[in-house]
Amino acid sequence: MVGQPSIVHSGCNHLGMISQTESYDITSTFTPVSHPWFAVRVRSNHERTAAMHLVDRGYEEFSPSYTVERRWSDRKKTIEQSLFPGYVFCRLNPENRLPVLSAPGVVSLVGCGRIPVPIPDEEIERIRTMVQSGLLVSPWPFLEAGQTVLIERGPLTGVEGILEEVKGKCRLVVSINLLRRAVSAEVDRHWVRPVKASSREAVLSAH
């Protein structure tokens, strides 16, 4: 079971929520692609409802899901569940957030105090690639340390994450750091190569 977001965020003393009661300019609901991603906190089991209303208001949203098999005494059924229960991701202008906050099912934006904190595009794209890969994807406990690898072959080519071994099988774990949530997908051991710390530092310094 995936844990709740931590109340600690780098550089902040409190990971807060920006509520619907705040007032903002609503002269435009158009959201350019250039706006960053934010995590939108929604009411329990309202991920689809909130996502639908955000799309209707002209926003780009991302609400990834996965399939899970549920068994009862007399039958079994495959159902779809949210990869990040209680959250929908949305590109938006943080200076004009009322149209998002007022959407049905939306509770708040995840942020530091009263300031929304954006999610890096690469974190969202890693999750999107995993969901669209056709591999079995599922929620995973958030990880801060481990073997960082780059996938060189298969449907997740180019995705970087943490490699874990579970029951003799390899899984690639990628995270949304702000929410302290992670998801995983089973990968072939031959698809991956380690990412050296020095290489990562060189890439970061280049940017």
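Asn45 lies in the loop between β2 and α1 of this predicted model. The residue has a positive phi of about 65°, although Asn45 is not a glycine. With a relative accessibility of 68%, Asn45 counts as exposed, because the cut-off for that class is over 50%. Arg180 is placed in the loop between β12 and β13. Its relative accessibility is 26%, so Arg180 counts as partly exposed.

The chain as a whole contains four helices and 14 strands. It has 207 residues, and 44% of them count as buried. The accessible surface comes to about 11600 Å². Carbon and sulfur atoms account for 51% of that surface. Among contacts with a separation of 6 or more, 70% join residues 24 or more positions apart.

The average pLDDT is 82, and 78% of the residues score at least 70. Strand β6 (residues 87-91) has the highest confidence, at 98. Helix α4 (residues 197-206) has the lowest, at a mean of 44. Over residues 1-11 the pLDDT stays under 50. The model has 17 contacts beyond four places in sequence for this stretch. Residues 21-28 also have a pLDDT below 50. There, the model has 14 contacts beyond near neighbours in sequence. Where pLDDT is low, predicted coordinates should not be read in detail.

The largest nonpolar core has 33 residues. Phe84, Phe89 and Val187 have the most contacts inside this core. Several elements give two or more residues to the core: β2 (37-42), β4 (65-71), β6, β7 (106-112), α3 (121-132), β10 (147-151), β12 (169-176) and β13 (181-187). Strand β12 gives the largest share, four residues. A second, separate core has 15 residues. Val40, Leu101, Ala103 and Val106 are among its members.

Aromatic side chains were then considered. The structure holds two aromatic pairs. In one of them, the ring centres of Phe84 and Phe89 are 5.2 Å apart and the planes meet at 80°, so the pair is edge-to-face. Phe84 and Phe89 are both buried. Together with Phe62, these two residues form one aromatic cluster.

Charged groups sit over two aromatic rings. Arg128 lies over the face of Phe62, at 4.6 Å from the ring centre. The charged end of Arg41 sits over the ring of Tyr87, 5.2 Å from the centre of that ring.

Leu54 is placed in helix α1 (residues 47-56). Its relative accessibility is 0%, so Leu54 counts as buried. Leaving out residues up to four places away in sequence, Leu54 touches Tyr59, Glu61, Val88, Cys90, Val100 and Ala103. Ala103 belongs to the second core. Leu54 and Pro99 are 45 residues apart in sequence, with their C-alpha atoms 8.4 Å apart in space.

Ser175 is located in strand β12. At 13% relative accessibility, Ser175 counts as buried, because the cut-off is under 20%. Beyond residues up to four places away in sequence, Ser175 touches Glu123, Phe142, Leu143, Arg181 and Ala182.

Val107 is found in strand β7. Its relative accessible area is 35%, so Val107 is partly exposed. Val107 and Ala50 are 57 residues apart along the chain. Their C-alpha atoms are separated by 9.7 Å.

Terms used. Residues numbered from 1 in each chain as written. Heavy atoms only, no water. Phe/Tyr/Trp six-rings, centres within 6.5 Å; stacked < 30°, edge-to-face > 60°. Buried < 20%, exposed > 50% of the residue type's maximum accessible area, 1.4 Å probe, protein only. Lys NZ or Arg CZ within 6 Å of the ring centre and 35° of its normal. pLDDT = per-residue confidence, 0-100. Contact = heavy atoms within 4.5 Å. Areas by Shrake-Rupley, 256 points an atom, 1.4 Å probe, with all protein chains shown as cover. Core = buried A, V, L, I, M, F, W, Y, C linked by side-chain atoms within 4.5 Å.
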